[in-house]
Amino acid sequence: MDKLVQHIKMEMPGFPKQGLYCYGEASFEANQAMQEPLEKLYNYENQPDMREKVREYISELDKEYDRCMDWIEEHMDCDACKVYAMEMRAKTLMEVKNDLQSRLEELV
């Protein structure tokens with residue numbers, strides 16, 4: 001999808017932000033007069049995709065789950081309370097991951 005507003009970087013006297021926010025269909029004068037709203041629109045258009053952020057977080061949950069399972073495997077013959085606590089942590093991580101995945105699928 002094409003963006004409505006572009007940021008053109010340049011060093012010009014009178015442009016404190018080292019550039020100009022431009023809407024392609026507008027004249028130079030109109031763009032110059034509309035810098036504040038164009039900057040807001042530019043920032044809005046360039047926000048990170050939240051679905052992608054959720055996918056990244058799910059990936060981090062998977063890594064932490066794997067770390068927990070490795071720890072459990074290494075400490076299976078140790079303190080049963082600590083092993084149980086780590087098992088509960090791993091279980092909670094999977095519940096959070098599954099909940100996030102189901103919500104993400106609902107949005108798509």
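**Entry 1: Asn31**

I looked up Asn31 and found it buried, because its relative accessible area is 5%; buried means under 20% relative accessible area, exposed over 50%, and partly exposed in between (1.4 Å probe, protein chains only). The model is predicted: local features need pLDDT of at least 70, side-chain atom pairs count only at pLDDT 80 or more, and totals for chains, interfaces and linings use all residues. Residues are numbered from 1 along each chain as its sequence is written, and side-chain values use heavy atoms, with hydrogens and water left out.

Asn31 sits in helix H1, residues 28-33. Helices (H or I, at least four residues) and strands (E, at least two) are DSSP runs, numbered from the N terminus. I found a polar atom of the Asn31 side chain 3.4 Å from the backbone oxygen of Ala26. Leaving aside neighbours within four places in sequence, Asn31 is in contact (heavy atoms within 4.5 Å) with Tyr21, Cys22, Tyr23, Ala26 and Leu38.

**Entry 2**

I checked how E1 and E2 pair: they run antiparallel over five bridges, where pairing needs at least two DSSP bridges between two strands. Lys9 stands opposite Gly19 in E2. Is E2 enclosed or open? Four of its five residues are buried, so E2 is largely enclosed by the rest of the structure.

Gln18 is in the loop between strand E1 (5-9) and strand E2 (19-23). I noted Gln18 as partly exposed, at 43% relative accessible area. Not counting residues up to four places away in sequence, Gln18 touches His7, Ile8, Lys9, Met10 and Glu11.

**Entry 3: helix H3**

H3 covers residues 50-74, 25 residues in total, and reaches 36 Å from its first C-alpha to its last. That is close to the 36 Å expected at 1.5 Å a residue, the expected span being 1.5 Å times one less than the number of residues. Asp49 caps the N-terminal end of H3, with a side-chain oxygen 3.1 Å from the backbone nitrogen of Arg51. I listed the buried residues of H3 as Ile58, Leu61, Glu64, Cys68 and Ile72.

**Entry 4: the core**

Which residues make up the largest nonpolar core? I get seven: Leu61, Cys68, Ile72, Val83, Met86, Ala90 and Leu93. Such a core is a set of buried Ala, Val, Leu, Ile, Met, Phe, Trp, Tyr and Cys residues joined through side-chain atoms within 4.5 Å. H3 and helix H4 (80-107) each supply at least two residues of this core, and the largest share, four residues, comes from H4. Leu61 touches Leu93, Val96, Lys97 and Leu100, again not counting residues up to four places away in sequence.

**Entry 5: salt bridges**

I counted nine salt bridges, taking a side-chain nitrogen of Lys or Arg within 4 Å of a carboxyl oxygen of Asp or Glu. Glu52 and Arg55 meet at 3.6 Å, N to O; both lie in H3, three residues apart, about one turn of the helix. Arg67 and Glu64 form another at 2.7 Å, and Arg67 is partly exposed at 40%. Glu64, Arg67 and Arg89 are linked in a network of salt bridges. In H4, four residues apart, Glu95 and Lys91 meet at 3.5 Å.

Notes
A polar contact is a pair of N or O atoms within 3.5 Å; within protein, one must be able to donate a hydrogen and the other to accept it, and residues adjacent in sequence count only if both atoms are side-chain atoms.
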